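Biologist: Before we look at any details, could you walk me through how such a model is read, feature by feature?

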Amino acid sequence: MQTLQMDQRKEARISAAMPLYFKNGKGVTDDLAATGVFFWTDCQDDFAVGDHIDFTMVVAESGTTVLSECSGEVVRVLEKHRPKGVAVKLFRPALRRFVE
C-alpha cells in the first residue's frame with residue numbers, strides 16, 4: 001500500500017491511495033506527508049493557490065478505519081490533467097501519526 005519517498009521536501013512522503021471528501025466533491029490521495037497531501041479529483045470546482053480547504057481523509061489499514069479531519073492551503077493545482085491534481089499544505093501536522 002505504501003512506498004516511502006524522499007525528495008527536496010523536508011518531510012518523508014508516502015504513496016497511498018486513500019479517499020478524501022471535501023465540501024463539493026471527493027478525491028483520492030496520491031501521496032501524503034505529515035505536513036501535506038497531494039490528491040486527484042474530478043470535482044468541477046476551481047482550486048486556486050492560496051485557497052483554504054477542509055477535507056476528511058479516510059485512513060484504512062489492518063482492519064481499522066480512521067477519519068482524519070484536515071485543513072490546509074492549496075499550494076499547487078494541475079488543472080490540465082483529468083482528473084486534476086491538488087497539493088495542500090496542512091495547517092497542522094494532522095497526519096503525523098500515520099506516517100511516522
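Predicted model: local features only at pLDDT ≥ 70, side-chain atom pairs only at ≥ 80, totals over all residues.

Modeller: Residues are numbered from 1 along each chain as its sequence is written, and side-chain values use heavy atoms, with hydrogens and water left out.

Biologist: How many helices and strands are there in the chain, and in what order do the elements run from the N terminus?

Modeller: Helices (H or I, at least four residues) and strands (E, at least two) are DSSP runs, numbered from the N terminus. Here the chain has 1 helix and 8 strands, and the order is β-β-β-β-β-β-β-β-α.

Biologist: What share of the residues counts as buried?

Modeller: Buried means under 20% relative accessible area, exposed over 50% and partly exposed in between, with a 1.4 Å probe and protein chains only. Of the 100 residues of the chain, 41% fall in the buried class. The accessible surface, from the Shrake-Rupley method with a 1.4 Å probe and, for residues, only the protein chains shown as cover, comes to about 6100 Å², and 51% of that belongs to carbon and sulfur atoms.

Biologist: Is aspartate 31 buried or exposed, and what does its side chain make a polar contact with?

Modeller: Aspartate 31, which lies in strand S4 (residues 25–33), counts as buried at 9% relative accessibility. A polar contact is a pair of N or O atoms within 3.5 Å; within protein, one must be able to donate a hydrogen and the other to accept it, and residues adjacent in sequence count only if both atoms are side-chain atoms. The side chain of aspartate 31 makes such a contact with the side chain of arginine 13, at 3.0 Å. With contact meaning heavy atoms within 4.5 Å, and neighbours within four places in sequence left aside, aspartate 31 touches residues including Arg13, Ser15 and Phe38.

Biologist: How many aromatic pairs are there, and how is one described?

Modeller: A pair of aromatic rings is described by the distance of the centres and the angle of the planes. Rings of Phe, Tyr and Trp (its six-membered ring) pair if their centres lie within 6.5 Å; planes under 30 degrees apart count as stacked, over 60 as edge-to-face and the rest as tilted. The count here comes to 5 aromatic pairs. Phenylalanine 22 and phenylalanine 47 form an edge-to-face pair, 5.7 Å centre to centre with 75° between the planes. Phenylalanine 22 lies in strand S3 (residues 19–22) and phenylalanine 47 in the loop between strand S5 (36–41) and S6, so the pair ties together parts that are 25 residues apart in sequence. Phenylalanine 22 is buried at 11%, as is phenylalanine 47 at 9%.
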